[in-house]
Amino acid sequence: MFKKFDPSNDVSTSTQVKASVQRAIKSQISTSHPSLTDAILDELLPKKPPLVQYKVGPHLMLYCRGSEPVFFQQRDGPILPSLKFVHKYPSLDFTKVVVDKGAIPFLLGGAHCMCPGLTNPGGWMPEDGKEQDVRGFDVPGLEVGDGVVIYAEGKELPLAVGVMKLSSAQVREKNKGVGIEVAHFLGDGLYQTEEIQ
């Protein structure tokens, strides 16, 4: 998504985010990353200065705190953090997965995360079946469409951010094909962007 991102050419319009929209964004973030409390989000995204929303291409929104990119969203997908933002606040507990060492070079090249990278020794995903839905069925640890921060085995900082294409239960069962669609990775155009104006 951001492999060839160039802010001088790809960013078309910018608007200041209204307070009500900023509250909705915080709500979406806390829903997709439950360990981030409202107090933490208020500190990370204060009312002053307000967020600025940049339109990138036809279907992508980039949210900046001042001129620093902090979150982005594609169409109606989850709001995902930028890697620099996650690296700046390593103690925050975003929804995460861990890939094995064999997947690292592929992810750094911009490839999507394949199921075996998550299920091989060294890979990790949240457990399935900790909770049950109203009908008594086990709920997967991660659902299709959930936003995740991707860490690598043996590394303390993440190398990519993406969206689940299969639930964690399906990844374990199928163990073939794309498990996570990578939206932003270490070294892509967004990562190399210091500020947007």
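This is a predicted model: local features need pLDDT of at least 70, side-chain atom pairs count only at pLDDT 80 or more; totals for chains, interfaces and linings use all residues.
Local features were taken at pLDDT of at least 70 and side-chain atom pairs at pLDDT 80 or more, while totals for chains, interfaces and linings use all residues. Residues are numbered from 1 along each chain as its sequence is written, and side-chain values use heavy atoms, with hydrogens and water left out.

Strand β10 spans residues 147-152. Strands (E, at least two residues) and helices (H or I, at least four) are DSSP runs, numbered from the N terminus. Six of the six residues of β10 are buried, so the strand is largely enclosed by the rest of the structure. Buried means under 20% relative accessible area, exposed over 50%, and partly exposed in between (1.4 Å probe, protein chains only). In a regular strand, side chains alternate between the two faces of the sheet. Both faces of β10 are covered. Gly147, Val149 and Tyr151 lie on one side, and Val148, Ile150 and Ala152 on the other.

Val148 has Gly162 of β11 as its bridge partner.

Lys26 belongs to helix α2 (residues 19-32). Lys26 is buried, with a relative accessible area of 13%. Beyond its neighbours within four places in sequence, Lys26 contacts Leu41, Asp42 and Leu45 (heavy atoms within 4.5 Å). The C-alpha atoms of Lys26 and Met164 are separated by 21 Å, and the two residues are 138 residues apart along the chain.

Notes. Two strands pair if DSSP finds at least two bridges between them.
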